[in-house]
Amino acid sequence: LVEAGRHYGFEVRTLPTVMHASERISSSAVRAALQAGDFHAAEQLLGHPYAISGHVIHGQKLGRTLGFPTLNLRVAHRPALAGIFVVQVHGLGPAPLPAVASLGVRPTVDDSGRVLLEVHLFDFDASCYGKLVRVEFLAKLRDEEKYTDLATLTAAIDNDGREARAWFARRA
């Protein structure tokens, strides 16, 4: 860049490395923390909790038929993490709402490879289509899996919900 600057008439300045404790703050370090499920470390590096924001879109309504209605957010890029998470949702009320979320390609019900964030809010029943929300990631429960049938998937979702509710109960 320095050489290109001389040739094309612009100046390049090197900034000092930004550190947190003894770790260099970089996008690679943030991605590594997220992949490891270390949301505290990611927050320390980012300066705020890791979250994905977007407008709630219509989905296939499969979660609703399984007894777990979801808010769906399209994810334009492949995020550094995938799996099932304890989350809280900002933007639907005066305080964040507890939830469980799936972030990934939904291998049991979709083979397109498209990434989707599906969020099941606990004890919430209101239409949210078109609303802008921010989903803050708090803890990873497990990796995404492909199940043999919808009954097995439903049992796993039910278990994920119980684990996420227990996580919030321990935190309270």
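User: What do "buried" and "exposed" mean here?

Analyst: Buried means under 20% relative accessible area, exposed over 50%, and partly exposed in between, with a 1.4 Å probe and protein chains only. This is a predicted model, where local features need pLDDT of at least 70, side-chain atom pairs count only at pLDDT 80 or more, and totals for chains, interfaces and linings use all residues. Residues are numbered from 1 along each chain as its sequence is written, and side-chain values use heavy atoms, leaving out hydrogens and water.

User: Which residues of helix 5 are buried?

Analyst: They are Leu153, Ala156, Asp160, Gly161, Ala164, Trp167 and Phe168. Helices (H or I, at least four residues) and strands (E, at least two) are DSSP runs, numbered from the N terminus.

User: How do you know where the buried residues of helix 5 fall around its axis?

Analyst: The arc is taken from the directions from the helix axis to the C-beta atoms. For helix 5 the buried residues fall within an arc of 145°, so they line one face of the helix. On the other side, Ala151, Ala169 and Arg170 are exposed.

User: What span should helix 5 have, and how far apart are its end C-alpha atoms?

Analyst: The expected span is 1.5 Å times one less than the number of residues. Helix 5 (residues 150–171) has 22 residues and should span 32 Å; its end C-alpha atoms are 31 Å apart, which agrees.

User: Why is serine 102 called buried?

Analyst: Its relative accessible area is 16%, and the cut-off for buried is under 20%, so serine 102 counts as buried. Serine 102 lies in strand 6 (residues 97–104). Leaving aside neighbours within four places in sequence, serine 102 is in contact (heavy atoms within 4.5 Å) with Gly83, Ile84, Leu116, Leu117, Glu118 and Glu144.

User: Why is aspartate 123 called exposed?

Analyst: Aspartate 123 has 71% relative accessibility, and exposed means over 50%, so aspartate 123 counts as exposed. Aspartate 123 is found in the loop between strand 7 (116–121) and strand 8 (132–142).

User: What makes a space a cavity?

Analyst: On a 1 Å grid over the protein atoms alone, a cavity is a set of points where a 1.4 Å probe fits but cannot get out; lining residues have an atom within 4 Å of a point. The structure holds 1 cavity of 30 Å³ or more. Of the 29 residues that line the largest cavity, the closest to its centre are Thr70, Ser102, Glu118, Leu153 and Ile157.

Technical notes
On a 1 Å grid over the protein atoms alone, a cavity is a set of points where a 1.4 Å probe fits but cannot get out, and a pocket is an open set with protein on both sides within 12 Å along at least five of seven lines; lining residues have an atom within 4 Å of a point. Grid points are joined across faces, edges and corners, and a volume is the space filled by probe spheres set on the points.
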